[in-house]
Every structure is written in C-alpha cells, then in structure tokens.
Amino acid sequence: QVELVESGGALVQAGGSLRLSCVASRLEYVMGWFRQAPGKEREFMAADTKTGRISDYADSVKGRFTISRDNGKNAVYLQMNSLKPEDTAVYYCASKATWGTVRDANTYADWGQGTQVTVSS
C-alpha cells in the first residue's frame, strides 16, 4: 500500500495559480490527480508515468494544468494556472502500477485524503 499526502490547496481568485503537492511513501509507475466537487463524481485531471514520457490531461484543464514529479523526493505536483470558479473542488492524488485506463478512478489502488481548492469569481 502506498501512502499519499496532498497539500497546497487554498482559496484563490479567478485567474490565479496554485501548485498542489503530493508526497508518497513511494512513487508508483503512474501518478494521477483527480478532483471532486460537491454532488459530482470524481473527475480525472492528469496523470503521468515514472519516466515522464507519457502524460494525459482532461480536456477541461489541458494547457492550464501541468503534472510533474520529483522522483528523488517521492513527490508529484499539479501546477494549476488560469484558475476558474468551476475548478473549485477537493483534489486527490492517486497511484497505480499500470498505464491502462488511466482516466478511470476505479483502477487506482491508493488515494490521498484530498486538499481543498476554492476559486472565487
């Protein structure tokens, strides 16, 4: 089991930026970010592989969000720019061993506790 701890969530104005961090007991081959707004299902945001050669982004955040990792620090990050009120949600870090169906939350083995991001208009 992989332990994941997110941080970096905050209240920010629309158009602003945040960087979320996720520190892991170990980094799996695939690390992903999801979010869940009240009353909505958990939604895929971004994922990448250990080498960083493969990544995937939800259409809603492509060009605004960037996933990266520091293998030496067992950390993965989500840089979020040009934030919008509709980005308001709890953001979760997750990990899995294989790339297939990377957008499906049900395929991830381990999850963090989440960090709240609130974007005001």
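The structure is a predicted model, in which local features need pLDDT of at least 70 and side-chain atom pairs count only at pLDDT 80 or more, while totals for chains, interfaces and linings use all residues. Residues are numbered from 1 along each chain as its sequence is written, and side-chain values use heavy atoms, with hydrogens and water left out.

Taking a disulfide as a pair of cysteine sulfur atoms within 2.5 Å, the count comes to 1. The bond is between Cys22 and Cys93, whose sulfur atoms sit 2.2 Å apart. The two cysteines are 71 residues apart and tie together distant parts of the chain, with Cys22 in strand E3 (residues 18–24) and Cys93 in strand E9 (residues 89–96). Strands here are DSSP runs of at least two residues (E), numbered from the N terminus, and helices are runs of at least four (H or I). The torsion about the S-S bond of Cys22 and Cys93 is about -75°, so this disulfide is left-handed. Both Cys22 and Cys93 are buried, that is, under 20% relative accessible area, where exposed means over 50% and partly exposed lies in between (1.4 Å probe, protein chains only).

Next comes the core. A nonpolar core is a set of buried Ala, Val, Leu, Ile, Met, Phe, Trp, Tyr and Cys residues joined through side-chain atoms within 4.5 Å. The largest one has 35 residues, and Trp33, Phe65, Leu78, Met80, Tyr91 and Tyr108 have the most contacts inside it. Strands that each supply at least two residues of this core include E3, E4 (30–36), E5 (43–49), E9 and E11 (115–120).

Two strands count as paired if DSSP finds at least two bridges between them. E11 runs parallel to strand E2 (residues 11–13), joined by 3 bridges, and Val12 has Val119 as its bridge partner in E11. With E9, E11 pairs in the antiparallel sense, also over 3 bridges, and here Ala89 stands opposite Val117.

Finally, the backbone. Most residues other than glycine have a negative phi. Asn74, in the loop between E7 and E8, has a positive phi near 55°. Ser82, in the loop between E8 and E9, has a positive phi of about 50°. Asn74 is partly exposed at 25% relative accessible area, and Ser82 is partly exposed at 40%.
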